[in-house]
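Please look over the sequence and the structure shown below before reading on. The report that follows takes up a few parts of this structure in turn.

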Amino acid sequence: MTPIQTTKMSNFRWVICALLFLATTINYMDRQVLSLTWKDFIAPDFHWTDSDYGTITGMFSLFYAIANLFAGKFIDLMGTKKGYLIAIFVWSVGACLHAACGWTALGLAGGSITALTTISVWLFLACRMILAVGEAGNFPAAIKATAEYFPKKDRAFSTSIFNSGASVGALAAPATIPLLARAWGWEMAFIIIGALGFIWMTLWVWLYEKPAKNPRVNQAELNYIEQDNDLAIVQNRDKIKEEKSIPFFKCFTFKQTWSFLVGKFMTDGVWWFFLFWAPAYFSDQYGYTSDSTMGILLIFTLYAIVTIVSIGGGYLPTYFVEKKGMNPYLGRMRAMLIFACLPILGLFAQPLGAISAWWPAILIGLLGAGHQAWSANLFSTIGDMFPKSTIGTIVGLGTMAGGIGSMSINLCSGRFFDWAAAQGGAFTFFGFEGKPAAYMVVFCICAVAYLIGWCIMKVLVPKYKPIVVE
């Protein structure tokens with residue numbers, strides 16, 4: 001018989017969720033500094049082409065992918081608290097180091113424009129590698145913390161909240177970074193935004209402990225958090241046992257692992273493409289630089305739509321589970337199918353752009369909202385299927401797959417855009433010529449990626465089947 005609760009339940013789990021949201025916001029602001037400054041501030045200094053920028057963003061994605069191969073296991077081994085601290089320290093250092101690239105390149109180039117371009121690209125690649133290694137720890141640590149602090153039925157919603165930090169970071173970035181670059185130079189933009197991570201570290205050290213050891217979590221809240229366990233009511237915190245972890249290579253023997261890898265590979269690159277290329281798109285196609293009022297408003301509007309619309313994405317599977325009686329996995333897959341349809345709107349972004357630049361901003365915003373809602377639920381499928389002790393490893397593997405997908409689309413897009421611009425009228429697609437035609441091609445790929453990914457996932461794991469470690 002379940003004892004009657006006489007103490008009001010604390011809600012400290014939402015403080016942890018807020019910290020995860022803040023870390024993810026900082027993560028994406030650090031990632032966005034380059035995309036918001038390269039076209040109008042950095043490229044004129046170093047004579048970069050789209051191919052140069054595509055190389056930098058593509059290689060960042062590759063570094064990120066490789067780092068994620070180890071980041072999840074690293075978080076599982078170090079623990080959520082220490083692992084997250086190390087991750088954000090590394091990426092904050094890497095973010096600040098970008099500021100030194102300009103001064104160092106000018107000193108080494110010796111007045112040669114060709115040398116200046118080449119050296120600057122290599123220096124930025126080095127800094128992006130450090131940034132990628134640190135940022136690889138964000139999602140494995142955040143998903144692990146979510147699994148520690150929330151029962152399964154709440155994980156998609158809590159994940160959608162902290163995951164919205166990606167769009168909030170992308171929302172805050174265009175409103176601040178170009179103005180910082182214009183006022184104090186692009187170097188200071190990297191330093192100021194990068195320093196935010198060190199402030200977050202102080203809050204994390206002060207507030208985070210595992211629920212059973214955190215004095216801010218009372219017994220009633222601990223019982224709520226642990227409701228999925230066999231011991232639904234935890235009377236003795238010291239008796240909570242750690243689950244056995246699945247060996248690294250054994251993870252690849254489960255279809256559930258491959259389902260998550262496919263979901264990330266097919267869709268992460270779409271989000272990163274628009275994150276890295278949207279400012280350049282509005283500058284190239286419509287002449288609105290990233291520090292112009294119209295350029296800021298367009299990017300701000302895009303990510304405002306992403307932020308507002310995607311928050312509800314975490315609630316939809318809860319509705320399916322609680323109101324329709326579905327198991328968590330089936331509810332999430334039903335929700336993800338709905339979200340996979342939103343990116344199809346991206347097919348109309350380029351054609352309607354002939355009427356106004358606001359149309360691409362709105363439609364890409366809806367596409368991005370679909371991605372964020374999809375992503376929150378995709379991450380939550382791991383908690384449904386895998387033991388908590390292995391969540392960091394699986395998230396790391398999946399994020400690695402997403403990084404490979406992102407590398408492919410960013411590296412190829414930069415070269416594709418330069419080639420299409422050189423071809424001019426000789427290259428056409430759906431009535432567009434040259435570089436606009438190239439954008440249309442990439443938008444089409446992005447529009448259908450989610451539905452394809454969902455179908456493959458459904459074939460691999462057609463129904464709820466959690467993995468039990470014996």
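## Lys-465

In this predicted model, Lys-465 lies in the segment that comes after α17 (434–460). Because its relative accessibility is 57%, above the 50% cut-off, Lys-465 counts as exposed.

Leaving aside residues up to four places away in sequence, Lys-465 touches Gln-256 and Met-385. The C-alpha atom of Lys-465 is separated by 26 Å from that of Ile-161, a residue 304 residues apart from it along the chain.

## The nonpolar core

The largest nonpolar core has 141 residues, and Trp-48, Phe-124 and Phe-273 are the ones that touch the most other members. Helix α1 (residues 13–46) gives the most to this core, contributing 16 residues.

When residues up to four places away in sequence are not counted, Phe-273 touches Ala-278, Ile-409, Asn-410, Ser-413, Phe-417, Tyr-439, Val-442, Phe-443 and Cys-446.

## Helices α1 and α5

The axes of α1 and helix α5 (residues 113–135) come within 12 Å and cross at roughly 175 degrees. Because angles over 145 degrees count as roughly antiparallel, α1 is described as roughly antiparallel to α5.

By class, this contact has six nonpolar, three polar and five charged residues. Among those in α1 are Asp-30, Arg-31 and Leu-34, while the α5 side includes Phe-124, Arg-128 and Glu-135.

## Helix α13

Helix α13 (residues 328–341) has 14 residues, and its reach of 21 Å from the first C-alpha to the last is close to the 20 Å expected at 1.5 Å a residue. The buried residues in α13 include Tyr-329, Arg-332, Met-333, Met-336 and Phe-339.

Technical notes
Residues are numbered from 1 along each chain as its sequence is written. This is a predicted model: local features need pLDDT of at least 70, side-chain atom pairs count only at pLDDT 80 or more; totals for chains, interfaces and linings use all residues. Side-chain values use heavy atoms; hydrogens and water are left out. Helices (H or I, at least four residues) and strands (E, at least two) are DSSP runs, numbered from the N terminus. The expected span of a helix is 1.5 Å times one less than its number of residues. Buried means under 20% relative accessible area, exposed over 50%, partly exposed in between (1.4 Å probe, protein chains only). A nonpolar core is a set of buried Ala, Val, Leu, Ile, Met, Phe, Trp, Tyr and Cys residues joined through side-chain atoms within 4.5 Å. Contact means heavy atoms within 4.5 Å. Axes are lines fitted to C-alpha atoms, for helices over the stretch in contact, and angles run from 0 to 180 degrees between N-to-C directions. Angles under 35 degrees count as roughly parallel, over 145 as roughly antiparallel, 65 to 115 as roughly perpendicular and the rest as oblique. Ala, Val, Leu, Ile, Met, Phe, Trp, Tyr, Cys and Pro count as nonpolar, Asp, Glu, Lys and Arg as charged, and the others, Gly among them, as polar.
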